[in-house]
Structure formats: structure tokens, C-alpha cells
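This report goes through a single model, heading by heading. Please have the sequence and the coordinates open while reading.

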Amino acid sequence: MSPALLLVVLLATGQSAGTGTKDCWMSCQRHVVDSTLRARVCKACLSGGRVDSWVSALEDVRPAPREALASARKDADWRVRWASVRMDAKLRGTSERRLLAEWVATSPSATDLEACVTAARAAAAAGQSATDFLKGAGPRGPEAAARVRARREAIREALEVELYAEEVPVRGAALLHLAGFLGRSPARVALDAMASRPESTDAITAGALKAVAAHKDTSVGRLLLDEARPEDEARINRLFAVYSEELEALRPALTVADTLQRRKAVLGLRVYGPLARKELERALGDSDRSVRRDAAETLAEAEGLALRLAAERRVETGDAAVARPWLEAMVREKGCAAFLLGTVADRSLPGPVRGDALTLLPDCEEGARERAGRVAPYLNDPEPLVRAGAVRALGAVAARHPELAGATVRALQDPAPEVVAAALEVMAGQRQTSRGDEAAELLDSEHPMVRAAAARALEQMGRASHVKGLTLCLREDPVADVRVAAAQALGRIGGPQAAAALSDAAARDPDTHVQHVSREGLRRLGFGL
């Protein structure tokens, strides 16, 4: 591909100035003079996506492209300079640190800053001081390390300039490397830099610290709180003001209708950590389980706690609404079976919490073989919600333990409506169509919970003979949730009588949700509205 054609491709794909692909192409054009070699090497930018991607394409060039490598060492971007050193070392069959040390030590003192900055940043990227990084770099290592130390102030100034660069990734890398070079935390470096900068640049500093937090898999809140000193209060408040504005802009995404967008918004709060506590606590009450689970995991990180410890504290409150999202999050953790069964066994906890723990047990992959024996005793627990949870947990393993099927049938006779509803849920999940008549009989239950569960079960198990009972529910049941479940079941079973009932509910039911579900049922049956 010719350089001109490559430029056309970059422009056609919408690559903007500053992106890795275009920067790579421009860098390649500057340093590779030979047109034939350009066509061969610069195309690596299309797939590489990094400013130094083109350098790796020099490995197979023979003879070795010394001019291009020498030119690349003068690039303004340290990544290109370091990549050229590494490639040159590879082609020469020597170590990259040894060649780096030779470059630093042999550069004229008046022009050695680029080499020294490259060494400082390569060392910081490796998580080492420049002295340690160059320690095993051959005979020139100590001399090179001494040069880097001598240029300490100039290196600091060069990195601080990049800390306020236009591109956020460049800022984050500069802050990370400056912190490594100075032997300080990124938060300390950022706060110190703010002392000589106007408040108009606070957003830049905040963005750089956020990029570092993402790289370190932590949060800006945690970085700042761990570093905070009394004399930093004013500067920390300046950063908090920037992050508060960003959080304000993110809040609408936490309430959109699309679940994936809400999950994305919750995960986007992770980089703020403790600063996003209010938003995360609000997300714990989301209607979607996956959003609640993500919020719990993110909030535990923000608190600096292991998820298990954070979950234990919420469970200890005894409030089912508080504990539920944390129990949901625990099902993906190692030790989930022991945690959930331990929660169930703690009789000091209220029934709703223990019942939720049992209900969630099937989602935990651990201990499935011995689960039946651990759960069966709770079928006789005095707490109705615990018995209901046991029915659900055993229903999930009934296929491997046929003798447990009887537990579901017996649960239909339980005096507690919660247990009967759980049994109906299990029967529906297992598609026990032979028990459809038993579910239909419960459409007349005195408990709305049971009637709704029976209608939902008939959505999976129902036959034409059950349409009459469902139609009566849709027309006459005083509870909207029951009518919604009946409409869903009728839309699944179908037939003229079902369509007539749905049409009537769509036009006359006083509840808008019932109307909506009825219209959807008619569409499913092929009746356009």
C-alpha cells in the first residue's frame, strides 16, 4: 500500500489527529526515507494502532534499516524512541537495556535529554527506578544511571509538560512515569503539580489521575484518600469538584430503560470509587439483577473491602432489601456455596434473608453434588420464605435427584402462599405439563401471590383447556399483577377465546400495564393493532 493510499484509508475511516493509527503513519513517514520500505513498513500502522507499531515491521528488513532506527531515536514520542532501541538491540543480538545504556552514556551532554527521558520512562513502565533498571545493563550501565540522575530536574519538567498534553492517554502515562521516576505516588505528584497551576487546568490533572487509576485497576477516590494530607484539602476539593461534575453527567445513564446501558454506567463509576458512593448505592436498588450485582461489586471495591466481607456486613443488618444485591453478587465468588449455606444456617437472621440465600444457591456452581442433602432439611423450616427458598433450590437439582420431585408436589399443599408460589415456579421451570391442571386449580386461590404464580406457570404448562380459567382471571381478578400474568399466559396458549379476552382487556382494563401486555399478546397471536 502506498503512503498516499494509506493516508486516504486513514481519512476514510475517520481517524482523527492524535489517534494511534494516524500518529503511527506520520511517525513512519518521518523516519523511513526509502519509498519502497515505507510502503512495506507503514502499513503496520493500520493493524497496530500504536504510534510505534511501524517499528516492529523493521524486524524482517534486510539489510538492517540503521538509518530509520537512528532517526526514530530522535522522535518526539518516547515510545517510538524506546521501540527503536529495542528493535535495534534485537537486530544486533544484544540486550535492550545494554543498548539503552550505551545510547544514554554516549550521547553528547548537551543533547542527551531525549535518551535520559527514554531511560527514565522505560524504567518507570517496568516498575523500577532508573538506577535499578540500568544496573545490569553492561559496563555503561552505572554511567548511564548517573546521567539520568544528573538530569533529574530536566526529566521532571519534560514529564510535567506531557502531564498537560492534549491527549488524555499521554497525560496518564506521563503522570504514571513521573511518579515512578520521582518515587512518589501518582496522587502526590498530581497534587504537587497543581500547586503551580491555575484552577483552569484542574480538569486536565483530574483526567490524568483517572487514566492512572484505570491503568492500576483502582479508583481516583482511593488514590486521593490514601495520599491525602491536611494541607492538601483545597487541592483535593478542586479535583473533587471536577469529578462531581462528571458524576452529575453520568447519573442520567443510570436510569435509562436499556439494561446494558445501565450496566455500562455502573461499571463507568468504578474509576471514581468512594466518590461515587451515592450513585452506586442507588444502583443497588435497580430492577435488574445484573445491574445490582455490578453495583455491589463496584461498591465493595470503592470501600476497599473484599466482596465477601462487604456482603457479610450487609447480611448482618437483617434487612432483606439491603442484603439481596450482595447475596446476588456473592454467587460468582469463590466460596459462594459455603457463604450462602452459612447465611441460611444462621437462625438469628430473618426468614427473608435466609430464603433469598437459598433461592440464589442454584446460581452458585460450587457444591452442586452434595447440595440436595444440605438443602432438604430446610423444607421443614418454620420460616415460610426459607421453605420457599428450599423448594427453589431443590427444584434446580431435581433432574439429578428424581426423589426430590415429590418435594415440589408436597409444597403445593403448604399453608404458606410463598411456598406454593415457589412450587409453581419450579413446576413451570421444569415444564411439568402433566401438572397443568393442578396449577389451573390454584387460579381460584385466596392469595394473589398464588394466583399470579399459577397463571405464570400456565404460560409454560398451559393447554387449551386452561384458557377459560385464565380468561376469567383476566376479566375479573382485582389484582393487576394476576391479570398481567393471565394475559401473558393467554398470549402464549392462543385460540379464539384467548384472543377475545386479550382484545377486551386491551380496550377496557383500568391498568395500563395490563393493557400493554394484552396488546403484546394479541400481536404474538398475529393480530396487528
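## Helix α28 and the residue after it

In this predicted model, helix α28 is largely enclosed by the rest of the structure, because 10 of its 13 residues are buried. Buried means under 20% relative accessible area, exposed means over 50%, and partly exposed lies in between, with a 1.4 Å probe and protein chains only. The buried residues of α28 are Pro417, Val419, Val420, Ala421, Ala422, Ala423, Leu424, Val426, Met427 and Ala428. Helix α28 covers residues 417–429, and its end C-alpha atoms are 18 Å apart, which agrees with the 18 Å that its 13 residues should span at 1.5 Å a residue. The expected span is 1.5 Å times one less than the number of residues. Helices (H or I, at least four residues) and strands (E, at least two) are DSSP runs, numbered from the N terminus.

Arg431 follows α28 and sits in the loop between α28 and α29 (436–441). Phi of Arg431 is near 55 degrees, a positive value in a residue other than glycine. With 45% relative accessibility, Arg431 counts as partly exposed.

## Basis of the values

Residues are numbered from 1 along each chain as its sequence is written, and side-chain values use heavy atoms, with hydrogens and water left out. The model is predicted: local features need pLDDT of at least 70 and side-chain atom pairs count only at pLDDT 80 or more, while totals for chains, interfaces and linings use all residues.

## Salt bridges

The structure holds 50 salt bridges, each a side-chain nitrogen of Lys or Arg within 4 Å of a carboxyl oxygen of Asp or Glu. One of them pairs Asp88 with Arg73, with the closest N and O atoms 2.9 Å apart. Asp88 is in helix α7 (residues 78–92) and Arg73 in the loop between α6 (66–72) and α7, so this pair ties together parts that are 15 residues apart in sequence. Both Asp88 and Arg73 are buried.

Arg270 bridges to Glu301, and here the closest N and O atoms are 2.5 Å apart. Arg270 belongs to the loop between α18 (259–268) and α19 (277–283), and Glu301 to helix α20 (residues 289–302), so the bridge ties together parts 31 residues apart in sequence. Arg270 is partly exposed at a relative accessible area of 24%, and Glu301 is partly exposed at 42%. Arg292 and Glu328 also form a salt bridge, at 2.6 Å from N to O. This pair links helix α20, which holds Arg292, to helix α22 (residues 320–330), which holds Glu328, across 36 residues. Arg292 and Glu328 are both buried. Salt bridges that share partners join Arg184, Arg188, Asp192, Glu227, Arg229, Asp232 and Arg235 into one network.

## A buried arginine without a salt bridge

Which residue is buried yet has no salt bridge? Arg293 is, and its nearest side chain of opposite charge, Asp294, is 4.5 Å away. Arg293 is located in helix α20. Not counting residues up to four places away in sequence, Arg293 touches Arg263, Pro325, Glu328, Ala329 and Arg332, contact being heavy atoms within 4.5 Å.

## Nonpolar cores

A nonpolar core is a set of buried Ala, Val, Leu, Ile, Met, Phe, Trp, Tyr and Cys residues joined through side-chain atoms within 4.5 Å. The largest has 101 residues, of which Leu100, Leu134, Val148, Leu209 and Trp326 touch the most other members. Helix α9 (residues 113–125) gives the most to this core, with 7 residues.

Leaving aside neighbours within four places in sequence, Leu100 is in contact with Trp82, Val85, Thr118, Ala119, Phe133 and Leu134. A second, separate core of 46 residues includes Leu412, Met461, Leu502 and Val514.

## Aromatic pairs

There are 2 aromatic pairs in the structure. Rings of Phe, Tyr and Trp (its six-membered ring) pair if their centres lie within 6.5 Å; planes under 30 degrees apart count as stacked, over 60 as edge-to-face and the rest as tilted. Tyr243 and Tyr272 form an edge-to-face pair, 5.9 Å centre to centre with 75 degrees between the planes. Tyr243 lies in helix α17 (residues 233–250) and Tyr272 in the loop between α18 and α19, 29 residues apart. Tyr243 is buried at 0% relative accessibility, and Tyr272 is buried with a relative accessible area of 4%.

## Backbone details

The peptide bond from Arg62 to Pro63 is cis, with omega near 0 degrees. Pro63 is in the loop between α5 (53–56) and α6. Asp217, although not a glycine, has a positive phi of about 60 degrees; Asp217 is placed in the loop between α15 (202–215) and α16 (220–227).

Conventions. Lys and Arg count as positive and Asp and Glu as negative; His and the chain ends are not counted.
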